[in-house]
Amino acid sequence: MQNTKRSTFSGKIGFVLAAAGSAVGLGNIWRFPYLAAEHGGGIFLLVYLILALTFGFALMCGEIALGRKTGKSAIEAFGALNKKYAFVGVLAAIVPMLILPYYSVIGGWVTKYFFVYASGQGSAAATTENYFGDFIGSTFEPIGWFMLFLGATALIVLFGVEKGIEKVSKFLMPLLIALTIGITVYIMFLPGAMDGVKYYLLPDFSKFSETTVLAAMGQLFYSMSLAMGIMITYGSYMKKDVSINSSVKQIEIFDTGVAFLSGLMIIPAVFAVDPSSIGTKGGTLMFATLPHIFDGIGGVTGDIIGAAFFLLVLLAALTSSISLMETVVSIFRDKFGWSRKFTCLVVFVGCVLLGIPSSLGNGIWKSFNIAGKGILDMFDIFANNILMPIVAFITCIFIGYVIKPQTLIDEIEIDGKKFKRGWLFKIMIKYIAPICIVLILAFSLLDAFGLLETFGLTKV
C-alpha cells in the first residue's frame with residue numbers, strides 16, 4: 001500500500017466547482033437565512049458582502065496558496081515550511097475528522113426528508129406533530145439514512161480527485177444552482193412574499209449593531225470551509241498554471257450567490273406563509289418550520305416545492321461531505337502512504353463509529369449531555385466554535401509572521417499575473433484577520449451557550 005503520484009484537478013473549472021461545492025453546504029441554506037432574518041435582513045447582507053470581499057478573500061487565498069506551494073494536505077503543509085509549526089497541521093487535521101461524522105448524520109436526515117417528499121408524502125407526514133423529533137429520536141432509522149449518505153460520499157471519493165470529485169462536482173453544482181434559482185423565483189411570486197424580499201434586500205441602518213458584524217463574520221468563516229484543511233488539501237491538487245486569484249473570486253461568487261439566493265428563497269417564503277416563525281434556527285427551521293411553509297403553499301405544488309428544496313439541500317450537503325472526506329483521506333494517505341481504496345474504507349468505518357453516538361444522542365443517549373448540549377451539538381461546538389477559530393488564528397500568525405505573506409504572494413503570482421490585492425492580503429492576514437478570529441471565537445461560544453445578553457450583546 002504505497003502512495004502514488006499526487007492527484008490533480010484537470011483545470012480551473014474542475015478546481016473551482018469542487019472548491020465551491022465544498023463551500024456551499026448546509027450552512028449556506030439553513031444558517032445564512034436565519035442569521036439574516038435575526039440580524040436585520042438587508043443590513044446583515046450588506047455587512048456580509050463587504051466581509052466576503054476582504055476577510056474571506058484573504059483567508060481563502062492564503063489556505064489555497066499554502067496547499068499548492070507545499071503540495072501537501074493540511075497535516076503536513078505547515079511542517080513542510082517550518083517544522084516548529086507542524087502541530088498546526090495536526091490541529092487542522094482533527095477538524096474535518098470531527099465534523100464529517102456528525103455532518104453525515106444531518107445529511108442522513110436531509111436524505112430521509114427528500115425521499116419523503118419525492119414519494120408525495122411530504123405534507124401528510126412531515127407536518128404531523130413531533131415528526132422530526134420522533135424520527136431523530138428513534139434508534140435504527142436515522143442510522144440507516146446516515147449510513148446511506150456516508151456511503152454515497154465514500155463512493156464518490158473512492159473514484160479519486162478527477163474521476164470522482166471533479167466529475168461529480170461538474171454535474172451537481174450546475175444542478176444545485178438551477179434548483180436554487182428556480183425555487184427562489186417561484187417563492188418570490190407568492191402572495192405576501194415581497195414583504196420578505198424588502199426586509200431582506202433593503203438595508204435598515206437603524207438595525208446595525210456589533211452583533212450584526214460578528215454574526216456575519218462567523219457565518220462567512222464557516223461558510224467558506226476555512227480552517228478545516230479543505231482549501232489547503234484542494235490547493236495541493238491545483239495545477240501551477242491555474243490562477244489562485246481569479247479562482248478564489250469565482251468560488252466566492254458561487255458561495256455567496258447560493259447563500260444570497262437561499263435567503264431570498266426562505267425569508268420571503270416565511271413572510272408569505274408564517275411571518276411569526278422568522279428567525280427560527282437550524283434544524284428546527286429546516287425540518288419542522290419549512291415543511292409547514294411548504295404545506296401552506298398547498299397541495300401537490302407544496303410537495304413538489306418541498307421535494308425540490310430537499311434535493312437542493314441534499315446536493316449542498318453531499319458536495320460539502322465529499323470535500324470533508326477527501327480531506328481526511330488525503331491526510332491519512334500523506335501520513336501513512338496508504339492506497340486510496342484502503343484509506344476510504346478506514347475513514348468510512350471511523351466515521352460510522354463516531355457518527356452513531358451523534359445519532360443516538362438524540363434518542364437513547366439523550367440523557368448524556370454537557371451544559372445542556374447533546375453529543376452532536378458538543379462535537380459541533382468543539383470543532384466549529386473552538387478548534388476552527390484557533391486553527392485559523394495560528395494560520396494567520398504562521399503566514400503573517402513566520403513564513404511572511406510575500407511567500408504566498410509569490411505562489412499566487414506564479415502564473416505571471418500581478419496579485420493586485422496583495423496589499424489587502426498582507427493587511428488582513430497580519431493585522432485584521434487575527435483580531436476578527438478572536439472575536440468570532442468569543443461570539444460563537446457566547447451564542448452557543450445563550451450568554452450574549454449576559455455580556456450586553458443583543459440581536460435585532
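**Close-up views of a predicted model**

Lys112 is buried, its relative accessible area being 10%. The legends below describe a predicted model.

**View 1. A salt bridge joins Lys112 and Glu141.** The two side chains come to 2.7 Å, N to O, in this salt bridge. Lys112 belongs to helix 5 and Glu141 to helix 8, so the contact ties together parts that are 29 residues apart in sequence. The structure holds 6 salt bridges, and two others are shown in the next two views.

**View 2. Lys170 and Glu166 pair within helix 9.** The salt bridge between them has its closest N and O atoms 3.1 Å apart. Both residues lie in helix 9, with a spacing of 4 residues, about one turn of the helix. Lys170 is partly exposed at 37% relative accessibility, whereas Glu166 is buried at 2%.

**View 3. Lys240 meets Glu411 in a salt bridge.** The N to O distance between the side chains is 2.9 Å. This pair links distant parts of the chain, 171 residues apart: Lys240 is in the loop between helix 12 (230-236) and helix 13 (244-273), and Glu411 is in helix 18 (residues 405-412). Glu411 is buried, with a relative accessible area of 4%, while Lys240 counts as partly exposed at 40%. Arg68 joins Lys240 and Glu411 in one network, through salt bridges that share partners.

**View 4. The largest pocket has a volume of about 1,400 Å³.** It is lined by 48 residues, of which Trp30, Ile106, Leu376, Asp377 and Asp380 are the closest to its centre. Helix 17 (residues 375-402) gives the most to this lining, with 7 residues. By class, the lining has 19 nonpolar, 22 polar and 7 charged residues.

**View 5. The second largest pocket has a volume of about 170 Å³.** Its lining consists of Thr111, Phe115, Leu148, Phe149, Ala152, Leu155, Ile156, Val168, Leu172, Leu314 and Leu318. Helix 5 (86-118), helix 8 (141-158), helix 9 (161-188) and helix 15 (299-336) are the elements that give two or more residues to this lining. Helix 8 has the largest share, 5 residues. The lining of the second largest pocket contains 10 nonpolar residues, 1 polar residue and no charged residues.

**View 6. The largest cavity holds about 70 Å³ of space.** A search of the whole structure finds 4 cavities of 30 Å³ or more. The lining of the largest cavity is made up of Arg31, Tyr34, Leu35, Leu214, Ala215, Gly218, Gln219, Tyr222, Ile440, Phe443, Ser444 and Asp447. Two or more of these residues come from each of helix 2 (26-38), helix 11 (210-223) and helix 19. Helix 11 gives the most, with 5 residues. By class, the lining of the largest cavity divides into 7 nonpolar, 3 polar and 2 charged residues.

**View 7. A nonpolar patch lies on the surface.** The patch is formed by Tyr401, Trp423, Ile427, Tyr431 and Ile432, which together have about 520 Å² of accessible area. Helix 19 (residues 422-448) gives the largest share of the patch, 4 residues. Trp423 is in helix 19. With a relative accessible area of 55%, Trp423 counts as exposed, because exposed means over 50%.

How values were computed
Residues are numbered from 1 along each chain as its sequence is written. This is a predicted model: local features need pLDDT of at least 70, side-chain atom pairs count only at pLDDT 80 or more; totals for chains, interfaces and linings use all residues. Side-chain values use heavy atoms; hydrogens and water are left out. On a 1 Å grid over the protein atoms alone, a cavity is a set of points where a 1.4 Å probe fits but cannot get out, and a pocket is an open set with protein on both sides within 12 Å along at least five of seven lines; lining residues have an atom within 4 Å of a point. Grid points are joined across faces, edges and corners, and a volume is the space filled by probe spheres set on the points. Ala, Val, Leu, Ile, Met, Phe, Trp, Tyr, Cys and Pro count as nonpolar, Asp, Glu, Lys and Arg as charged, and the others, Gly among them, as polar. Patches are made of residues with over 30% relative accessible area and no salt bridge: like charges are joined within 9 Å, nonpolar side chains (Val, Leu, Ile, Met, Phe, Trp, Tyr) within 5 Å. Accessible areas come from the Shrake-Rupley method with a 1.4 Å probe; for residues, only the protein chains shown count as cover. A salt bridge is a side-chain nitrogen of Lys or Arg within 4 Å of a carboxyl oxygen of Asp or Glu. Buried means under 20% relative accessible area, exposed over 50%, partly exposed in between (1.4 Å probe, protein chains only).
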